[in-house]
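Please look at the sequence and the structure below before reading on.

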Amino acid sequence: MDAYEIRKQIRNGRHKNTTSGLANDNVQANLVVLPKVYAFDFLLYALRNPTPIPIIEVLEDGKYNSRFAKDSDIRTDIPFYNIYKNGTLVDTVEDVTDIWQDDFVSFLIGCSFTFEDALMKGDISLKHIEQHKNVAMYKTNIPTERAGIFHGNMVVSMRPIKKNLVDKAIEITSQFKNMHGGPVHVGDPRAIGIEDITKPDYGDSIDISDDEVPVFWGCGVTPQNAILQAKPSIMISHKPGYMFITDINNEAFKEE
């Protein structure tokens, strides 16, 4: 099924699962929607922190159709949305049409699901996809660079990688610099502030075998962590792991 058909299924409520492993050749995106008054600060925050927050597209205030996805509507084409008010998660919904504002500016942000296809094509297995789970995501002690009201520590996604394939995984993902790029950390999770690897802050827990090592990449959920500190009046985001699927081919973001 192509990206357009998947978006239609999501819009019609027929797909309510994580989008990991769907439309593997297509770029998936995180979403951040903010009133225009906060938009410049957030754009600057993203530009200062491109590893966890690589911008794919900015939709001007009131716009909700992505130019990278045919007949799309970012208000309906994501399985679940998180709604934050004054820094607090107040609801998770399937459609945000009824709360849409004409001053909303939307940001589509690169997602590590993009390089997962390249990893699998490189014969690197991904447990969360094999087990039909969401990827594990964690808050860390890695600081981001502040911009205006936005600040906080990075969120990372984690994938257990066979020890003999770690260098290959680094090489593959480093080719996708605008999709989080190479890992920000390999090995001991406590070194980046993760005390219990079995308890992710977002997503599902993934077992790590004796012949595997945890590998961590910058994650587009980082803005949701920053929201807890910035406390804007309202912010809409995707539920972590439930992404917006574009029509862009992953190879468009690959750098040799």
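This is a predicted model: local features need pLDDT of at least 70, side-chain atom pairs count only at pLDDT 80 or more; totals for chains, interfaces and linings use all residues.

**Aromatic pairs**

Nine aromatic pairs are counted in the model. One of them joins Y64 and W100, whose ring centres lie 6.1 Å apart with an angle of 90° between the planes, an edge-to-face arrangement. Because Y64 belongs to the loop between β2 (55-59) and β3 (81-85), while W100 belongs to the loop between β4 (88-93) and β5 (104-110), this pair ties together parts that are 36 residues apart in sequence. The two partners can also be described by their accessibility: Y64 is partly exposed, with a relative accessible area of 27%, whereas W100 is buried, with a relative accessible area of 15%.

A second pair is formed by F80 and Y242, whose ring centres are 5.5 Å apart and whose planes meet at 85°, so this pair is edge-to-face. It links distant parts of the chain, since F80 lies in the loop between β2 and β3 and Y242 in the loop between β10 (235-238) and β11 (244-249), 162 residues apart. Both F80 and Y242 are buried. Elsewhere, F42, Y45, F107 and F150 are linked by ring pairs into a cluster.

**Charges over rings**

| Lysine | Ring | Distance from the ring centre |
|---|---|---|
| K70 | Y4 | 4.2 Å |
| K239 | F80 | 5.3 Å |

**The largest pocket**

Which residues line the largest pocket? Its lining consists of T18, N82, L89, H132, K133, N134, Y202, G203, D204, K239, P240 and Y242. Of the lining residues, four are nonpolar, five are polar and three are charged, and the space in this pocket comes to about 160 Å³.

**Cysteines**

A disulfide is a covalent bond between the sulfur atoms of two cysteines. How many disulfides does a search of the whole structure find? The search finds zero. For C111, which is in no disulfide, the nearest cysteine sulfur is that of C219, 7.2 Å away. C219 is likewise in no disulfide, and the nearest cysteine sulfur to C219 is that of C111. As for accessibility, C111 is buried with a relative accessible area of 4%, and C219 is buried with a relative accessible area of 7%.

Notes:
Residues are numbered from 1 along each chain as its sequence is written. Side-chain values use heavy atoms; hydrogens and water are left out. Rings of Phe, Tyr and Trp (its six-membered ring) pair if their centres lie within 6.5 Å; planes under 30 degrees apart count as stacked, over 60 as edge-to-face and the rest as tilted. Helices (H or I, at least four residues) and strands (E, at least two) are DSSP runs, numbered from the N terminus. Buried means under 20% relative accessible area, exposed over 50%, partly exposed in between (1.4 Å probe, protein chains only). A charge sits over a ring if NZ of Lys or CZ of Arg is within 6 Å of the ring centre and within 35 degrees of the ring normal. On a 1 Å grid over the protein atoms alone, a cavity is a set of points where a 1.4 Å probe fits but cannot get out, and a pocket is an open set with protein on both sides within 12 Å along at least five of seven lines; lining residues have an atom within 4 Å of a point. Grid points are joined across faces, edges and corners, and a volume is the space filled by probe spheres set on the points. Ala, Val, Leu, Ile, Met, Phe, Trp, Tyr, Cys and Pro count as nonpolar, Asp, Glu, Lys and Arg as charged, and the others, Gly among them, as polar. A disulfide is a pair of cysteine sulfur atoms within 2.5 Å.
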